[in-house]
Amino acid sequence: MSDPSDRSPARSVTSQVVGVLGGGQLGRMLALAGIPLGFRFRFLEPNPEPSVRDLGEVVQGSYDDPAALESFGAGLDVATYEFENVPADALRRLEPRVPVFPPPGILALTQDRLSEKEGFDRLGIPTTSYRPVDVRSDLERGLDELGVPAILKTRRFGYDGKGQILIRDRAEADSAWSRIGGPPLLLEGFVRFRRELSLIAARGRDGTTVMYPLVENRHEEGILVLSRAPAQNVSPAFQGEAEALALRLLEDQSYVGVLALELFDTEDGLLANEVAPRVHNSGHWTQNGAKICQFENHLRAISGLPLGSAAAEGFSGMVNLLGKLPDRAGVLALSGTHLHLYGKSPRPGRKLGHINVRGSSPGELESRLGSLLEVLGEK
Ligand code: AMP
């Protein structure tokens with residue numbers, strides 16, 4: 001018979017409590033990676049049925065409610081966020097009581113597309129051409145200067161392709177202006193990229209960094225549908241160029257945690273599209289295809305533990321499950337596939353989960369991806 005004391009509540013070796021602002025799938029996957037390492041989790045989340053509901057304590061409240069922030073912050077060892085539209089002020093309010101990583105300054109910088117672009121310029125990170133648009137005449141001037149096609153974007157609260165309209169010719173300017181919902185806006189020159197890449201990087205409290213191999217991403221209507229990692233046809237020098245760009249950001253911001261830099265690979269070299277100061281959808285493959293995944297490395301970074309290797313193991317693909325749940329038995333019958341569901345109910349276009357696929361060669365990966373897409377009915 002087992003010793004009954006084995007069943008008494010575990011006294012954690014580290015007993016570090018991590019607070020996460022946001023309780024969506026990224027928070028869920030942070031907890032799934034962190035619980036085996038001895039972390040406990042508390043989430044601040046307005047939604048009453050969040051993805052993280054079974055994985056820690058949930059303080060239900062809005063991010064700018066002082067009372068909710070108060071009970072969320074009490075007794076935490078470290079706080080982080082999994083949602084980039086958390087108000088930077090909420091983080092600043094927590095800071096006197098608990099270390100907050102990534103540093104709130106980067107959130108303020110990246111929440112506004114204009115300050116994000118200006119940040120790239122200041123650090124010498126090549127980016128798309130852009131013009132701020134505050135009044136209707138700015139749009140005309142911007143189109144004169146950047147030409148068409150161009151993309152009109154809201155400066156704040158854009159994600160997954162929301163808050164942006166492609167202007168194919170000048171005649172579409174009026175309708176774009178009236179549809180987008182008002183300034184402040186940003187007009188961007190349209191980039192004819194060869195492919196979209198992203199770099200996931202982690203920096204620890206002591207300044208050490210690890211970088212994952214570049215990922216190739218396919219978006220449809222602004223939403224990530226498929227990633228492949230390591231991206232093919234990437235020389236060590238090219239990987240080094242991307243890493244050098246990410247390093248400038250990490251060091252400038254005294255960054256701690258995982259960051260994703262989205263890049264366009266163009267004939268004229270790499271252009272930064274945007275930065276996400278958090279674990280990222282294009283890094284989900286690391287759960288089954290890297291030595292240490294992005295979620296664990298984020299937790300290691302923010303809690304001052306040594307970072308783990310970001311090296312890839314084999315060749316990975318990641319397919320997002322958007323809007324409808326898959327045939328679970330069909331997916332699990334395939335070799336090399338790993339299903340990750342987020343505990344969310346289906347709604348058109350909603351991210352409900354993802355599937356990581358691994359092969360021992362690019363050819364095996366492609367054949368496994370092909371079988372998976374067939375099961376998902378996408379082929
Ligand atoms: P974003 O929300 O800015 O990351 O944009 C979502 C997606 O829209 C990107 O991943 C690209 O596929 C596309 N996109 C955004 N900006 C541009 C641009 N300036 N030129 C071409 N495509 C773009």
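How are H1 and H10 oriented to each other? They are roughly perpendicular. This is a predicted model, in which local features need pLDDT of at least 70, side-chain atom pairs count only at pLDDT 80 or more, and totals for chains, interfaces and linings use all residues. Residues are numbered from 1 along each chain as its sequence is written, and side-chain values use heavy atoms, with hydrogens and water left out.

**View 1. Helix H1 crosses helix H10.** The axes of H1 (residues 25-34) and H10 (residues 294-302) come within 8 Å and cross at roughly 75 degrees. Axes are lines fitted to C-alpha atoms, for helices over the stretch in contact, with angles running from 0 to 180 degrees between N-to-C directions. Angles under 35 degrees count as roughly parallel, over 145 as roughly antiparallel, 65 to 115 as roughly perpendicular and the rest as oblique. Helices (H or I, at least four residues) and strands (E, at least two) are DSSP runs, numbered from the N terminus. From H1, Leu26, Met29, Leu30, Ala33 and Gly34 meet Phe295, Glu296, His298 and Leu299 of H10. Contact means heavy atoms within 4.5 Å.

**View 2. Ala68 sits in helix H2 (residues 66-73).** Ala68 is buried, at 6% relative accessible area. Buried means under 20%, exposed over 50%, and partly exposed in between (1.4 Å probe, protein chains only). Beyond its neighbours within four places in sequence, Ala68 contacts Leu44, Val59, Gly61 and Ser62.

**View 3. Arg113 and Glu274 form a salt bridge.** The N to O distance is 3.2 Å. A salt bridge is a side-chain nitrogen of Lys or Arg within 4 Å of a carboxyl oxygen of Asp or Glu. The pair links distant parts of the chain, 161 residues apart: Arg113 in helix H5 (residues 113-122) and Glu274 in strand E14 (residues 269-276). Arg113 is buried at 8% relative accessibility. Glu274 is partly exposed at 22%.

**View 4. Arg136 and Asp174 join two helices.** Their side chains meet in a salt bridge of 2.8 Å, N to O. Arg136 lies in H6 (residues 136-146) and Asp174 in H7 (residues 173-180), so the bridge ties together parts 38 residues apart in sequence. Arg136 is partly exposed at 25%; Asp174 is exposed at 51%.

**View 5. Glu140 pairs with Arg170.** Their closest N and O atoms are 2.6 Å apart. Glu140 lies in H6 and Arg170 in the loop between strand E7 (164-167) and H7. Salt bridges with shared partners join Arg136, Glu140, Asp144, Arg170 and Asp174 into one network.
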